[in-house]
Amino acid sequence: MSEIKILWADDEIDLLKPHINFLNGKGYEVITATNGTDAIQLCKEERFDLIFLDENMPGLTGLETLSDIKSMEPNLPVIMITKSEEEQIMDDAIGSKITDYLIKPVNPNQILLTIKKVVDDKRLRNEKTTLDYQQEFRSISLSFNEKMDYEEWITLYKKLVFWELELQNLPEPDLNSILMSQKEEANTVFFKFIESNYQNWLRYSEENKPLLSPNLFREKVFPLINEEEPVFFILIDNLRFDQWKVIQPIVSQYFRVEKEDLYFSILPTTTQYSRNSIFSGLLPSEIQKTYPELWQDESSDEGKNLNEEKFLVDQLKRNGFDIKHSYTKITKLDKARSLIDKIPNLVNNDLNVIIYNFVDMLSHARTDMEIIKELASNEAAYRSITLSWLEHSPLLETIKRISEYNVKLIITTDHGSIRVSSPSKVIGDRNTTSNLRYKQGKQMQYDPKDVLSITNPKNSYLPQTHINSSYIFAKEDKFFVYPNNYNYYVNFYNDTFQHGGISLEEMVIPVVNLTNK
């Protein structure tokens, strides 16, 4: 640990020599001043980690000195020391952004504790976090050798996300590298888990299977309808679990998290499949069969999510709900702002569905725009942009307005995304679909080690465009590239966030029940 330099300004500094010697013995360098003017000059000449500032000094008062110091070093921690416990002095000091205050007389251990709380706190917390992760590392690694069920996978993924958020700001890059390696290993094993279980979840009514996209309304929304409170269902497209965790504290200012669950998106993990499945309550081939005039083949130029409201209405009727409801899809800023003003009317409905497309647009923009690539260069930056967006978005204003009423709120998503970095060659004809994480086509050529191949789409409830059509889904952080202009497209798409394939980030996604505070 580099030596901590402290400035202590007090007109009775000679009386504090025992305190200063005590701190020197603990490894702290203490520079002294007997008045505010000298303290300000020292701050101009030297760098300090912390200042102890007497409130009652001749000449410039402590508060006046504080004001000048803060104008030069707004983030420098300042501890005000005062003889007075007058509330007005404390209010003025706190309003001037002091870090803490102490009442005279102070003793050396009290001073030491304050230093550790202010200056050493981050270091001590970092050391504790590092130690805790090192202890957790082994148990996480051992779990990869066990045969886990879906609930254990959810628990493991929550652990990985927790540690990713804990370690992201630590100064030791090696720990983050180790965690990223663990996540990669987790996705390798998770792929095998999906390969072994996914089709059985769809084809059989077995009890030990996760909540899947077509059952989301049945399990999470319908039980809340017809209670006294209206239900607001907000779907933020393409929201990963780690992104939810960074925006949760903002949402929690207005709503209390009642239950936080993770559910599994169906394959492909794209809007056309997973979100249509959510609103219809059906699997993709069932949607195609039930609504042949509405289902769009992927070769079509028509929008693939234009009928969600129709699907929702039919699902409500099919389950016996004749209720007042609304459906709003937000893709533009003006519509987002107009929604805020409509909230007082919407609370008269039993169910209000709101779809926000920002995060999905951010993901695609990161592929297409260099400036977004710079801003969201990795997962931590991607989360940071998501947080910044919410803090300044009409969605937060919408959530605030909703919180003024007695409601039930559900926040969820349709799928997540993964940062891809491993190209995998695929050869297909001109009708092969273009998604980077899955392909549908005839007689495709690919490396079988890189994919989950579904040669009989009916068994996985996937639409079959042609009798010989099959699907392949990318594993881990793979992305599909055609041989033509291979190097160009590898460089263009490498390190971008994509979805459609099989990974924890894409498939294991949040659904959160919230209530008014």
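Buried means under 20% relative accessible area, exposed over 50%, and partly exposed in between (1.4 Å probe, protein chains only).

## About the model

This is a predicted model, where local features need pLDDT of at least 70, side-chain atom pairs count only at pLDDT 80 or more, and totals for chains, interfaces and linings use all residues. Residues are numbered from 1 along each chain as its sequence is written, and side-chain values use heavy atoms, with hydrogens and water left out.

Let's start with Thr413, which is buried because its relative accessible area is 0%. Thr413 sits in the loop between strand 10 (408–412) and strand 11 (418–419); helices (H or I, at least four residues) and strands (E, at least two) are DSSP runs, numbered from the N terminus.

The side chain of Thr413 makes a polar contact with the side chain of Asp414 (3.5 Å). A polar contact is a pair of N or O atoms within 3.5 Å; within protein, one must be able to donate a hydrogen and the other to accept it, and residues adjacent in sequence count only if both atoms are side-chain atoms. A polar atom of the Thr413 side chain also lies 3.3 Å from the backbone oxygen of His415. Leaving aside neighbours within four places in sequence, the contacts of Thr413 (heavy atoms within 4.5 Å) include Leu235, Asp237, Tyr263, Ile278 and Pro510.

## Helix 6

Helix 6 (residues 150–167) has 18 residues and reaches 26 Å from its first C-alpha to its last, close to the 26 Å expected at 1.5 Å a residue; the expected span is 1.5 Å times one less than the number of residues. Asp149 caps the N-terminal end of helix 6, with a side-chain oxygen 3.1 Å from the backbone nitrogen of Glu151. Among the buried residues of helix 6 are Trp153, Tyr157, Leu160, Trp163 and Glu164.

Now to a sheet: five strands form an open, parallel arrangement in the order 2-1-3-4-5. Strand 2 (29–33) and strand 5 (100–103) stand at the edges with a single partner strand each, so one side of each is left without a neighbour in the sheet. Direction ignored, neighbouring strands of this sheet are turned by 20 degrees against each other on average; axes are lines fitted to C-alpha atoms, for helices over the stretch in contact, and angles run from 0 to 180 degrees between N-to-C directions.

Strand 3 (residues 50–54) pairs with strand 4 (residues 78–82) in the parallel sense over four bridges, where pairing requires that DSSP finds at least two bridges between two strands. Leu53 stands opposite Met80 in strand 4.
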